[in-house]
Amino acid sequence: METGEDRPPQKKRRRCYLILSVAVFLITAVVAVALGLALHQGTDHLKTTFISRCEKFKGYSCQKLWGAFEQAYVGRDPCKVPMEDYDPLIAAAPFKPACNRMMFWSKTKNVVHDFTEKRDCFVTLEDTLLGSVLNGLTWCGKEGSSETFTTGCPGWTDCENNTVRSFWNKASAAFADNACGDVTAMLNGSIATPFSPVSIFGSIEVKRFNSTRMTSLNVILVTQKDTGTNCTNASLKDLQKEMKKGIKYNCKEVTEAQIQECSSHPEKPCGACW
Ligand code: N1C
């Protein structure tokens, strides 16, 4: 039974519900818009980075390259991007052979790039247009979406054919196809297996080395003082065995300090440094 006394509190309650619903709606809308903007910024930010890094290289249409890049992964399951999907991108910015100056590496990324940044002796994949444009970035698509995502993408080991890994597999293969003359590889002498058969260097690049173009492979084993592995390491013997007839194999232990010393003397000739 309703009395005159209990109507006002009910009205109050109804008003409270109304205000609460409006507040919840508004908060949801704001969160949704912010999330949408953040996701969109993922695409925009990646594109901006891609284009601005690309523009440092003269003679390419960076918008066209971005288009060729996007078509490899946009709208796809990020675990189902085979390396061949990057063929059109590689074809649009092919690698040029830099005989006697090509530098490969495995587990020595920082030492290598610290050196190549300071001295203009060697060319790594990251010094080429595609390598430099995508170095350090993460990207992927999603089925049924036309967006590029930069977060929530599968990790390096989550699935074999992931967007980022397939790019590096393809780019590394195409880069190694051009290896010519005397080739250098910096490997890590602080780990038990400097030459790992499952690394990109071991599983892709070495397999592409061609004896009609290449004269020698010169391994620089980067060590810390006098500790760690040396050139007699079993994994390096495996690497030597993989060198096809006609490709000479050399290995030299060089301390990281020596390499840093080389970096700080740009006047010294490239080869004579170690
Ligand atoms: O698996 P890795 O090394 O042996 O690959 C290195 C090898 C180099 O010679 C490069 O030519 O493969 C090429 N390469 C890159 O240029 C490159 N840039 C950035 C391979 N991977 C590259 N990355 C990232 O480093 C990549 O996203 C992955 O995470 C690492 C692989 O490095 P590694 O295991 O030390």
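This is a predicted model: local features need pLDDT of at least 70, side-chain atom pairs count only at pLDDT 80 or more; totals for chains, interfaces and linings use all residues.
Residues are numbered from 1 along each chain as its sequence is written, and side-chain values use heavy atoms, leaving out hydrogens and water.

Of the 15 residues around the ligand (a heavy atom within 4 Å), Ser106, Lys107, Glu126, Ile200 and Glu205 come nearest. Polar contacts are pairs of N or O atoms within 3.5 Å; within protein, one must be able to donate a hydrogen and the other to accept it, and residues adjacent in sequence count only if both atoms are side-chain atoms. A polar side-chain atom of Glu126 sits 2.4 Å from a ligand oxygen, and one of Ser106 lies 2.7 Å from a ligand oxygen. Ile200 uses its backbone instead, with an N or O atom 2.8 Å from an oxygen of the ligand. On its own the ligand exposes 600 Å², and the protein buries 85% of that (Shrake-Rupley method, 1.4 Å probe; for residues, only the protein chains shown count as cover).

Strand 1 (103-106), helix 6 (163-177) and helix 7 (200-208) each give two or more residues to the shell. Helices (H or I, at least four residues) and strands (E, at least two) are DSSP runs, numbered from the N terminus.
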